Amino acid sequence: MEKEEEIRCQVCPRHCILSEGQTGSCRVRRNIKGQNCCVNYGKLTALMLDPIEKKPLRRFYPGSRILSAGSFGCNMSCPFCQNHEISMAREKDCDFREVTPRQLADLAADCAGQGNIGVAFTYNEPLAGYEFVRDTARLIRKKGMKNVLVTNGCVELPVLEEVLPYIDAMNIDLKGFREEWYQRLGGNLQTVKAFIERAAKSCHVELTTLIVPRENDSEEEMKEEARWIASVKEEIPLHVTRFFPRHRMADREPTRVETVYRLRDAAAAYLRYVYTGNC
């Protein structure tokens with residue numbers, strides 16, 4: 001039970017209890033005078049004009065480009081994270097540039113001549129600091145441009161509702177289909193499933209599952225996952241992606257290409273659109 005000067009963060013299922021001045025496990029939410037504040041607001045560690053297919057989105061404005069912006073922090077702790085230098089970083093640990101929502105929206109519009117369709121909030125977990133996503137996405141929408149969210153989906157539904165009216169497409173990581181695996185990653189499978197179900201009712205959704213050898217690479221698990229996705233909407237594209245050694249899993253071998261194709265075929269028995277990645 002929290003003390004009077006403590007607050008309980010409601011952004012993700014970790015529900016960190018924060019004392020005055022304390023920052024949550026996401027490295028983003030901090031108790032400042034009793035308020036649950038976002039300390040990475042407008043602090044960008046990465047900004048790049050990417051092909052939309054890198055998000056990855058295969059069935060949303062293919063061939064276009066999108067201005068991709070990231071900050072620092074994440075509420076999960078995946079040992080294979082390819083962006084761990086920023087997702088696992090605190091404010092003092094990384095270089096960033098500060099921009100306002102209007103400045104980012106104006107920059108997106110300036111890039112329209114280069115094929116840019118809007119802004120993608122990506123690289124770290126954008127919803128840990130959802131306020132910046134919401135405020136910027138609102139301005140992007142007013143400019144007639146698109147908003148894309150690349151997220152782990154391990155976020156409570158009231159936070160999703162804050163940004164969903166302004167989001168046109170999402171790629172959501174579905175990291176596997178076993179609760180034990182999610183617990184090892186610092187997440188919660190049921191929260192992610194609820195997030196996917198709600199998002200799929202309001203915007204274009206694609207999912208990505210990174211296949212880690214000996215962790216989530218069984219055909220039985222992939223079939224169970226694909227059946228569930230189909231029960232939500234069988235038109236949801238699934239990206240089955242090959243793992244490469246990264247971060248705290250640098251000693252693991254890459255996923256065999258044959259395994260990725262086998263799991264793609266297993267998922268394709270239930271879903272209309274299944275793609276492979278990193279092969």
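P56 lies in the loop between β6 (46-51) and β7 (65-70), where helices (H or I, at least four residues) and strands (E, at least two) are DSSP runs numbered from the N terminus. A cis peptide bond with omega of about -15° joins K55 and P56. This is a predicted model, in which local features need pLDDT of at least 70, side-chain atom pairs count only at pLDDT 80 or more, and totals for chains, interfaces and linings use all residues. Residues are numbered from 1 along each chain as its sequence is written, and side-chain values use heavy atoms, with hydrogens and water left out.

**Backbone**

- Y61 is placed in the loop between β6 and β7, and its phi is near 45°, a positive value in a residue other than glycine.
- N278, in the segment after β14, is not a glycine either, yet has a positive phi of about 65°.
- N278 counts as partly exposed at 46% relative accessibility; buried means under 20% relative accessible area, exposed over 50%, and partly exposed in between (1.4 Å probe, protein chains only).

**Aromatic rings**

- A search of the whole structure finds five aromatic pairs; rings of Phe, Tyr and Trp (its six-membered ring) pair if their centres lie within 6.5 Å, and planes under 30 degrees apart count as stacked, over 60 as edge-to-face and the rest as tilted.
- One of the pairs is Y41 with F132, edge-to-face at 5.2 Å centre to centre and with 85° between the planes.
- Y41 lies in the loop between β4 (35-38) and β5 (43-44) and F132 in helix α3 (residues 130-142), so this pair ties together parts that are 91 residues apart in sequence.
- Y41 is partly exposed at a relative accessible area of 31%, whereas F132 is buried at 7%.
- The rings of F60 and Y61 are also edge-to-face, because their centres are 4.8 Å apart and their planes stand at 70°.
- F60 is buried, with a relative accessible area of 8%, while Y61 is partly exposed at 41%.
- The charged end of R59 sits over the ring of Y273, 3.7 Å from its centre; the criterion is NZ of Lys or CZ of Arg within 6 Å of the ring centre and within 35 degrees of the ring normal.

**Cysteines**

- The structure holds zero disulfides, a disulfide being a pair of cysteine sulfur atoms within 2.5 Å.
- For C37, the nearest cysteine sulfur is that of C38, 8.5 Å away; C37 is partly exposed at 24% relative accessibility.
- For C74, the nearest cysteine sulfur belongs to C78, 6.4 Å away; C74 is buried, with a relative accessible area of 11%.

**Largest pocket**

- The largest pocket has a volume of about 1,000 Å³, which is the space filled by probe spheres set on grid points joined across faces, edges and corners.
- On a 1 Å grid over the protein atoms alone, a pocket is an open set of points where a 1.4 Å probe fits, with protein on both sides within 12 Å along at least five of seven lines, and lining residues have an atom within 4 Å of a point.
- Its lining comprises 40 residues, of which K55, Q82, N83, D173 and T208 lie nearest the centre.
- At least two lining residues come from each of β10 (146-151), β11 (169-173), β12 (204-211), β13 (238-242) and β14 (274-277).
- The lining divides into 14 nonpolar, 16 polar and 10 charged residues, with Ala, Val, Leu, Ile, Met, Phe, Trp, Tyr, Cys and Pro counted as nonpolar, Asp, Glu, Lys and Arg as charged, and the others, Gly among them, as polar.
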